[in-house]
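Biologist: I would like to learn how to read a model such as this one, feature by feature. Could you give me the general idea each time and then the case in hand?

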Amino acid sequence: MRERIYRTEALILRRSDLGEADRLMLLATPGGKRRVLARGIRKTTSKLAGHLELFTRAGLLLAIGRTFDIVTQSEIRDSHTTLRAELPRLSCAYYAAELYDRFSEEDDEHPELYAVLAQTFAALDRSANPDLALRWYELRLLHLTGYRPQLHRCVVCQDLLTETASRFSPTLGGVLCPQHEDADRAAMTMSGPAFRLLRYLQSQPLTVIEGLRLSPEVRSEAESLLRAYLRRLLERDLRSVAFLDEVLRIE
Ligand SMILES: [Zn+2]
């Protein structure tokens, strides 16, 4: 039998008002995505108020409910105040949250995916290059959910790729060797520096990625390649992408 009450860490991904004073929240937790209810949170006297702001990382005590589990206590672990105060960072967080939502199922335990999202929010809160943190996040998420793009062997013949490879196929999910460039007529042209960056993003920790110095051209090319692949997987654009385009300009 499940415990009536349990503790978890969580990132608050979405909130919507319910009734007079309650709020429904979508959480990312190590135990998976979860919808929970915060009762009375919109009353000024609520002990929960202020603890459960969007994109905060919090420790929660929850009671099992019939439809939704109910937040009974909370403590802030990281309120990510910079992230929430600056629109470009905020738009990145909306995008990261939406990707998590689209690639995960409710109550599907995935502590690594949670850890990657938590690391990404922390980076979006402090990093000088939020776009690189997002690219790293996209590749980690794709890896952890079984959609890792193939960047080291040709997606058609499985031969090891050299740096001369210059075509990326969102449909086939990876890079084409020079012999198989025509396997996908819709494959995208990819420059050498963008190819190196994608491989680097796939293999290096976030702390290393954050310190990279790259031209705006290479960064936006990597963004286009990954976005095309994600769009192919999700079969349509994410809602937050338009918002992101409007407020985040790579300088
Ligand atoms: Zn090939």
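Modeller: Let us begin with a definition: two strands pair if DSSP finds at least two bridges between them, and the strands themselves (E, at least two residues) are DSSP runs, as are helices (H or I, at least four residues), all numbered from the N terminus. This is a predicted model, in which local features need pLDDT of at least 70 and side-chain atom pairs count only at pLDDT 80 or more, while totals for chains, interfaces and linings use all residues. Residues are numbered from 1 along each chain as its sequence is written.

Biologist: In what order do the three strands of the open sheet lie?

Modeller: Strands of a sheet pair through backbone hydrogen bonds, either parallel or antiparallel. Here the open sheet has the order 7-6-8, with antiparallel pairing. Strand 7 (174-176) and strand 8 (188-189) stand at the edges with a single partner strand each, so one side of each has no neighbour in the sheet.

Biologist: How many residues lie between strand 1 and strand 2 in their hairpin?

Modeller: There are three residues between strand 1 and strand 2, and G19 in that turn has a positive phi of about 60°. Strand 1 (residues 5-18) and strand 2 (residues 22-29) run antiparallel and are joined by seven bridges, with L11 standing opposite A28 in strand 2. Strand 2 also forms a hairpin with strand 3, this time with two residues between them. Seven bridges join strand 2 to strand 3 (residues 32-38), again in antiparallel fashion, and L24 has L37 in strand 3 as its bridge partner.

Biologist: At what angle do helix 2 and helix 3 pack?

Modeller: Two packed helices are described by the angle between their axes and the distance between the axes. The axes are lines fitted to C-alpha atoms over the stretch in contact, and angles run from 0 to 180 degrees between N-to-C directions. Helix 2 (residues 87-103) and helix 3 (residues 111-126) pack at about 170°, with axes 10 Å apart, which means that helix 2 is roughly antiparallel to helix 3, a term for angles over 145 degrees. Residues are in contact if their C-beta atoms, placed from the backbone, lie within 7 Å; in this pair R89, C92, A93, A96 and Y100 of helix 2 meet L117, T120, F121, L124 and D125 of helix 3.

Biologist: Which domains does the chain have?

Modeller: Domain bounds come from an automatic or database domain assignment, which gives domain 1 (5-79) and domain 2 (82-247) for this chain. Their C-alpha centres lie 29 Å apart, and the contact takes 16 residues from domain 1 and 19 residues from domain 2. On the side of domain 1 that touches domain 2, the elements giving two or more residues are strand 1, strand 2 and strand 3.

Biologist: Is S215 buried or exposed?

Modeller: We count other C-beta atoms within 10 Å of the residue's own: 20 or more make it buried, 12 or fewer exposed, and anything in between partly exposed. S215, in the loop between helix 6 (206-210) and helix 7 (216-234), has 10 such atoms and is therefore exposed. D159, in the loop between helix 4 (130-144) and strand 6, has 13 C-beta neighbours inside 10 Å and so counts as partly exposed. Leaving aside neighbours within four places in sequence, D159 is in contact with R153, C154 and C177.

Terms used:
Parallel < 35°, antiparallel > 145°, perpendicular 65-115°, else oblique. Contact = placed C-beta atoms within 7 Å.
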